[in-house]
Amino acid sequence: MVTLLNTVQETKGRPRHPEKARLPDTPVMRKPEWIRVKAPGNHALDGTRETLQRHGLHTVCEEAACPNIGDCWSKRHATVMIMGDVCTRACAFCNVATGKPAHLDPDEPMRTADAIAELGLTHVVVTSVDRDDLADGGAAHFALTITAIRKAAPETTIEVLTPDFMRKTGALEIVLEARPDVFNHNIETVPSLYRRIRPGADFSHSAGLLKEAKRIDPAVFTKSGIMVGLGETDDEVESVMDDLRAADVDFLTIGQYLQPTRKHAAIDRFVTPERFADYKRHAEAKGFLLVASTPLTRSSYHAAEDFEQLKAARLASLAG
């Protein structure tokens, strides 16, 4: 199911979260009916899994224990995670392994492009672990991947979900020069929770990154997302909406935080579908071109359909 209850998961023979091993177990709340997902059939994911494994690729679908993997993979949709499967940060909400990453694989951009062409994707989301160890935070690797996809699958539109490139001067420009169709960077949570939930990051920097992306390339669609259920208030959620609109963000996603293990941040509340609908109405009133707000909303869930809606919404706003 969507919430993993392992105390410390294993990854390739090592603890997935060594930095969390000594933390006390956090309580696990029982999931309400609206957060449950139907398990896929025995072979629904085989084709997507085989293609990705054959090309030696990682996905955030697996590494982050996404609840929507069955739905997406059964449709041959996947979010590729480049630059390895080990992150240099240790966010309290995230299931991706933390540690010292391996060297960049120079063949990965081409393998990614070949897999996307084979899957026949009309739209792809490419994300990554944080690579604070790299001088450019991995920006050049993102750019190479975008370029390779353009060559292998010229009809595929490309969405990048990048790290914050903290203290990586010029990194954002490198990514945008490769001309992704959507630039996504997730705010993740409200400012008051950053120190506990997203250590090593800075809310103002992340909001500024999104604003700068739009300044550099006004044509690119910008996107960001937050999780709820970590201890934020509804007033804080609305304040984040205002901050993201001030940064000229086009598309906002809001979803329920789900606790990967007992060593991760505890769920503070399960937000009702009705409250998610309220968030959507408030965000749309503030001027976002598109808002996805449901318990199971994730950054790259239904990304292809959302991109078509984004384009239509922009055209409608220009015509108005």
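Which elements do the buried residues of helix 10 pack against? I looked this up and got strand 10 (221–228), helix 9, strand 11 and strand 12 (290–293).

Ground rules before I go on. This is a predicted model, so I keep in mind that local features need pLDDT of at least 70, side-chain atom pairs count only at pLDDT 80 or more, and totals for chains, interfaces and linings use all residues. Residues are numbered from 1 along each chain as its sequence is written, and side-chain values use heavy atoms, with hydrogens and water left out. Helices (H or I, at least four residues) and strands (E, at least two) are DSSP runs numbered from the N terminus. Contact, and packing with it, means heavy atoms within 4.5 Å.

**Helix 10**

I checked the length of helix 10 (residues 273–286) next: its 14 residues reach 20 Å from first C-alpha to last, close to the 20 Å expected at 1.5 Å a residue. The expected span is 1.5 Å times one less than the number of residues. Its buried residues are Phe-276, Tyr-279 and Ala-283. They cover an arc of only 50 degrees around the axis, which puts them on the same side of helix 10; the arc is taken from the directions from the helix axis to the C-beta atoms. On the other side I find Glu-274, Arg-281 and Ala-285 exposed. My cut-offs: buried is under 20% relative accessible area, exposed over 50%, partly exposed in between (1.4 Å probe, protein chains only). Just after the helix, Gly-287 takes a positive phi of about 110 degrees.

**Rings**

I count three aromatic pairs in the structure. Phe-276 and Tyr-279 have ring centres 5.9 Å apart and planes at 90 degrees, so I log the pair as edge-to-face. Rings of Phe, Tyr and Trp (its six-membered ring) pair if their centres lie within 6.5 Å; planes under 30 degrees apart are stacked, over 60 edge-to-face, the rest tilted. Both residues sit in helix 10, three residues apart, about one turn of the helix. Residues three or four places apart point the same way because an α-helix has 3.6 residues a turn.

I also looked for charges over rings (NZ of Lys or CZ of Arg within 6 Å of the ring centre and within 35 degrees of the ring normal). Arg-245 lies over the face of Phe-288, 5.4 Å from the ring centre. The charged end of Arg-314 sits over the ring of Phe-221, 3.7 Å from its centre.

**Helix 11**

Arg-314 took me to helix 11, where Ala-303, Ala-304, Asp-306, Phe-307, Leu-310 and Arg-314 are buried. Seen down the axis, the buried residues fall within an arc of 160 degrees, so they line one face of helix 11. Leu-315, Ala-316 and Ala-319 are exposed on the other side.

**Cysteines**

The UniProt entry, unreviewed, places "binding site" at Cys-87, Cys-91 and Cys-94; positions follow the numbering used here, feature names are shortened, and annotations may be inferred rather than shown by experiment. I find Cys-87 in strand 5 (residues 86–87), and at 9% relative accessibility it counts as buried. Cys-94 is in the loop between strand 5 and strand 6 (97–98); at 21% it counts as partly exposed. Not counting residues up to four places away in sequence, Cys-94 touches His-17, Lys-20, Pro-260 and His-264.
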